[in-house]
Amino acid sequence: MKLYRDLTIRQKQIAWAWAFLAIPVLFYGVIRFYPTGNAILISFQDWNLLGARTWTGLDNYQKLFADPVFWKVFRNTFVYLLLGTPVSLVISFVVAYHLDKTRFLHGFLRMLYFLPFMTSAVAMAWVWRWFYQPVPIGLFNNFLASLGIPQINFLNSTTNALPAILAPAVWAGLGFQIIIFMAGLRAIPKSYYEAARIDGVSTWTVLWEITLPLLKPTIVFIVVFSSIGFLRIFDHVYNMTTQNPGGPLNSTKPLVLMIYQTAFNSFDMGYAAAQTVVLFLVLLVVSLLQLRILRDR
Amino acid sequence: MKIKRLRALALASATSVAALAGSVANAVEIEYWQYFFDARVTAMEQLIEGFEAANPDITVKMTHFPYADYRTKVAAAIPAGEGPDVVQLFYGWLNDYVEAELIQPLPADVFPADRIDEEFFPMVQAMKEGDQYWALPTAVRSLALFYNERLMEEAGVAPPTTLDELMSAAAAMTKRDGAGNITQVGMTAGMTAQDHHWWREGLVRQMGGEPYLDDYKTVNYNTEAGLKALEFYTNMFMGDEPVTAIGFMDEPQAAFKAGRAGMHIDGSFRIGALADIRGLKWGVTELPANAEGERSNYSSYWVNAITTKAEGEKYDAAVKFMDYVTSDEAMQIWLDVVGELPAKPSVGMTEKNANDPVFGPFIRGLEYAHTTKFADESGQRQLMVEMVERMQLQGMSAADSLAQAAEAEQKLLDAYYTK
């Protein structure tokens with residue numbers, strides 16, 4: 001007690017600050033940093049979850065870089081990112097831009113766009129999976145067949161399956177992005193638009209010169225947010241391809257699904273941890289790059 | 001007045017707690033774990049009831065988990081001293097559990113190896129090391145051909161007994177719409193379901209091959225027989241007149257349940273799920289034989305084992321429980337409730353069971369069944385799935401795809417056994 005009494009006010013403040021910070025620090029230490037460190041450690045080991053862990057050095061990483069499935073999966077992950085992010089960005093901006101100008105049923109329409117975001121990804125994935133089935137149960141193919149157009153193999157195809165799975169994932173994320181875009185649009189001061197109207201500037205110029213530049217922070221936020229989302233895509237893929245996860249022929253398998261299968265189907269924890277470390281590095285690099293772009297402003 | 005009543009209540013609850021504690025002290029409680037499957041849980045509840053009636057000083061507490069988490073939870077719990085005393089495992093996992101010292105061998109005085117060798121189906125001997133058994137099943141499973149009676153009648157065909165009859169019956173039951181799209185399949189197909197077992201232990205052997213050598217450590221299906229088996233299988237959906245389609249109605253069993261598939265190969269565990277489908281009239285027959293009349297089947301089983309956690313009086317209680325769940329009585333209950341076949345011929349091959357219209361084909365199938373020793377069942381199944389996909393989606397020849405699958409599976413087996 002005496003020790004505490006001898007402290008200056010400033011030191012006491014610091015002591016109290018740390019006393020309150022201790023809980024989140026402990027929480028992060030135990031829940032975040034300890035498992036992260038442990039995962040990095042396991043990536044240098046061989047462990048089947050049951051037996052002892054044995055040290056194998058860089059074996060897991062060598063196996064990883066020599067594994068053609070890994071590179072295929074790595075490519076898929078970036079296809080999800082490079083296809084999903086721009087497509088969802090453009091669609092959500094177009095919707096938000098026009099929704100912002102609409103007064104008629106504005107709240108109702110906004111709710112309709114937001115609804116998929118609140119729906120369980122698993123339920124949505126299964127409904128879309130049935131939409132994509134061949135005749136006689138698939139909605140899309142039944143429609144095509146009734147028009148006399150040949151069926152399309154949506155999921156049982158190495159080329160169509162990935163976009164087919166990406167579509168509902170993009171759709172599900174739209175609602176959130178639209179809301180963020182609309183908030184961004186509302187935040188742009190009306191005076192700029194008034195000045196532009198007085199100068200007689202065209203709508204396109206207003207869009208290019210005022211709206212988009214001033215939306216940059218919003219756009220960066222959405223890009224970072226949705227990039228991380230697409231890099232970690234899992235539930236849509238897993239639920240739409242459950243019997244053959246990530247199939248056919250690994251054409252839809254993202255990195256997270258490969259990690260899951262290695263860890264909890266093959267029980268090869270070391271190899272799964274090595275994949276996790278690679279995913280961590282990818283996410284880190286992508287996020288740092290995007291933060292750099294943000295700083296340029 | 002109020003205080004008095006309160007005091008009485010407190011006294012009453014204190015005595016009842018004491019009484020409860022007293023009865024617990026006398027009884028041994030052991031824990032039993034299995035994965036969740038409705039019929040299995042019901043059957044085990046009946047078994048526990050019967051066991052507790054015969055052993056009033058032992059109580060058994062059953063815990064079950066969804067199948068997806070089962071293996072992880074068991075693996076995490078036993079080393080922590082939290083898990084079960086008696087645990088249910090898939091036969092293919094046994095090696096891992098023995099190596100990790102999670103289970104202990106069954107005592108030779110209650111489970112003498114020579115008696116078990118004699119009484120159980122021979123495939124159970126995979127659980128034996130030296131003259132001790134590590135684990136024993138209550139029930140075993142095999143495959144058979146389910147058929148839709150209404151569709152058979154409509155097409156005027158009989159349940160097939162040979163592979164040729166299978167193909168012609170399937171062709172008769174296949175329906176197409178005007179554009180040639182299949183709207184009803186004669187036979188379901190999909191390596192993701194049970195077909196990979198049928199292909200490995202059924203078709204490859206019936207074409208004159210031996211799918212694996214060296215106690216399932218060496219892949220041996222990249223042969224003439226393997227190629228014939230693969231061609232027979234893929235011909236069902238890639239031939240000139242396909243009788244089925246991969247992914248038809250999403251899943252093979254879904255198509256059969258919906259009455260849109262004439263025939264469907266599945267395990268005995270499907271019986272329970274099909275029994276309650278309204279409007280579906282189905283029958284079962286043995287897997288079709290080849291032209292020489294040879295049949296071959298696949299069987300698998302789940303075993304019960306005593307974990308290293310069980311010690312002292314819990315160990316004794318666990319041994320008694322193991323003895324009960326592998327008794328003839330338990331096997332009959334398991335057959336009646338779950339539909340899985342008794343692990344002893346003496347129970348399974350009774351006149352009544354072997355001639356049962358539903359269980360009979362499965363039980364007769366056990367006589368010529370083989371049990372694949374998997375290193376990584378889902379991994380090995382995936383290779384079969386991809387073998388077919390390479391042919392169907394990428395146009396690879398059967399021979400090349402077969403060779404690629406054999407090479408990949410050998411690599412997987414080598415990695416597992418050299419560990």
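Chain B of this model falls into two domains: domain 1 covers 28-141 + 300-369, and domain 2 covers 143-298 + 374-417. Keep in mind as you look around that the model is predicted. The C-alpha centres of domain 1 and domain 2 of chain B are 30 Å apart.

**Where the domains meet**

How many residues of domain 1 of chain B are in contact with domain 2 of chain B? There are 21, and they touch 19 residues of domain 2 of chain B. Between them, the two domains of chain B bury about 1700 Å², and carbon and sulfur atoms give 58% of that area. On the domain 1 side, the residues that lose the most area to domain 2 of chain B are Arg141(B), Phe362(B) and Tyr368(B), which together make up 38% of what that side buries.

One salt bridge is counted between domain 1 and domain 2 of chain B.

**The domain 1 side**

Three elements of chain B each give two or more residues to the side of domain 1 that touches domain 2: α4 (94-99), β7 (136-148) and α16 (359-366). Of these, α16(B) gives the most, with five residues. Here is that side of domain 1 of chain B by residue class:

| Class | Residues on the side of domain 1 of chain B that touches domain 2 of chain B |
|---|---|
| nonpolar | twelve residues |
| polar | five residues |

Terms used
Residues numbered from 1 in each chain as written. Chains lettered and ligands numbered in written order. Predicted model: local features only at pLDDT ≥ 70, side-chain atom pairs only at ≥ 80, totals over all residues. Heavy atoms only, no water. Domains from an automatic or database assignment. Contact = heavy atoms within 4.5 Å. Buried area = accessible area lost by both parts, 1.4 Å probe. Salt bridge = Lys/Arg side-chain N within 4 Å of Asp/Glu carboxyl O. Helix = DSSP H or I, 4+ residues; strand = E, 2+ residues; numbered from the N terminus. Nonpolar A, V, L, I, M, F, W, Y, C, P; charged D, E, K, R; others polar.
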